Amino acid sequence: MSDVFGSDSDDLEWTGDLGEYDGVRNESGERHGEGKAVLPNGDIYEGTYSHGKRHGEGVYTFRNGAKYSGYYNHGLKDGYGVFDYPDGSKYEGKWEMNERNGQGVYNYANGDVYDGEWRNNCKEGKGVYTCAATKLKYDGHWENGKLHGPAITNLPNHVYLGSFVNNMPCGPGRYVFDFGVEQHGEYIFPKNENANEDMHATKYPVWRCHPDLRPLGS
């Protein structure tokens, strides 16, 4: 099943006891320059320090098998970096303030791929999500990790052009088929006509199409 509606892996680092250190120090005794630290929880950092904080290029290996290889700014992931998660997923791209921010590619454990913009660890802005199992491709605008706004959905033999709200198609749109015709219509959310229906149950939009198929571009 696609992770397009799911969340991403955690990437917290150890922030407690400094552990053992083998490397360069400055006159104040701070870690400063190249060095290797073995933290009390088993995590290992190899790279550069500045005044006691990870700063510059380095590799942080977690005891659970995760690994970050990239740049730090005063102890926080910042700049280009690659994060290999313990579930087999992988992020490669820009970081800011210890979070995925900017352009980056996330390869999910199930084979899905998101290539696009990020903000505060969430998909945000322009991006393309490709589902490995179905070959569906969602190319559009994302907000807070969800497809929200104009988008193009590429399917095996047709394309859907329309808008999405919180990962669901909504409003006017059209299906363009590879045999030269298109179908216009809109996605609507059915009204709650049953008084006993669960008001909190997830409601899915229904496609209401125009009766006739049109030649492409008409």
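Is Asn 120 buried, exposed or partly exposed? Asn 120 is partly exposed, with a relative accessible area of 42%. Buried means under 20% relative accessible area, exposed over 50%, and partly exposed in between (1.4 Å probe, protein chains only).

This is a predicted model, in which local features need pLDDT of at least 70, side-chain atom pairs count only at pLDDT 80 or more, and totals for chains, interfaces and linings use all residues. Residues are numbered from 1 along each chain as its sequence is written, and side-chain values use heavy atoms, with hydrogens and water left out.

**View 1. The whole chain and its confidence.**
The chain has 17 strands and 0 helices. Both are DSSP runs numbered from the N terminus: helices (H or I) of at least four residues, strands (E) of at least two. Of the 218 residues, 38% count as buried. Mean pLDDT, the predictor's confidence in each residue from 0 to 100, is 89 for the chain. A value of 70 or more is reached by 87% of the residues. Residues 1-12 stay under 50. For this stretch the model has 35 contacts beyond four places in sequence; contact means heavy atoms within 4.5 Å. Where pLDDT is low, the predicted coordinates should not be read in detail.

**View 2. Strand E3 and its two partners.**
E3 pairs with strand E2 (residues 31-38) in the antiparallel sense, over 6 bridges. Strands pair if DSSP finds at least two bridges between them. Opposite Tyr 45 of E3 stands Ala 37. Strand E4 (residues 53-61) also runs antiparallel to E3, again joined by 6 bridges. Here Glu 46 has Val 59 in E4 as its bridge partner.

The hairpin of E2 and E3 has 5 residues between its strands. In this hairpin, Gly 42 takes a positive phi near 100°. Between E3 and E4 there are 2 residues, and His 51 in that turn has a positive phi of about 50°. Ser 28 sits in the loop between strand E1 (20-25) and E2. Ser 28 counts as exposed because its relative accessibility is 63%. Ser 28 and His 51 are 23 residues apart along the chain, with 8.6 Å between their C-alpha atoms.

**View 3. The largest nonpolar core.**
Such a core is a set of buried Ala, Val, Leu, Ile, Met, Phe, Trp, Tyr and Cys residues joined through side-chain atoms within 4.5 Å. The largest one has 32 residues. Tyr 60, Phe 83, Tyr 129 and Tyr 138 touch the most other members. Beyond four places in sequence, the contacts of Tyr 138 include Tyr 129, Cys 131, Leu 147 and Ile 152.

**View 4. Arg 100 under cover.**
Arg 100 is found in strand E8 (residues 99-107). Its relative accessible area is 2%, so Arg 100 is buried. A polar contact of 2.6 Å joins its side chain to that of Tyr 85. A polar contact is a pair of N or O atoms within 3.5 Å; within protein, one must be able to donate a hydrogen and the other to accept it, and residues adjacent in sequence count only if both atoms are side-chain atoms.

**View 5. Two asparagines in loops.**
Asn 120 lies between strands E9 (113-119) and E10 (122-130). Asn 120 has a positive phi of about 50°, although it is not a glycine. Asn 167 lies between strands E13 (158-165) and E14 (168-177). Asn 167 has a positive phi of about 75°. Asn 167 counts as buried, at 9% relative accessibility.
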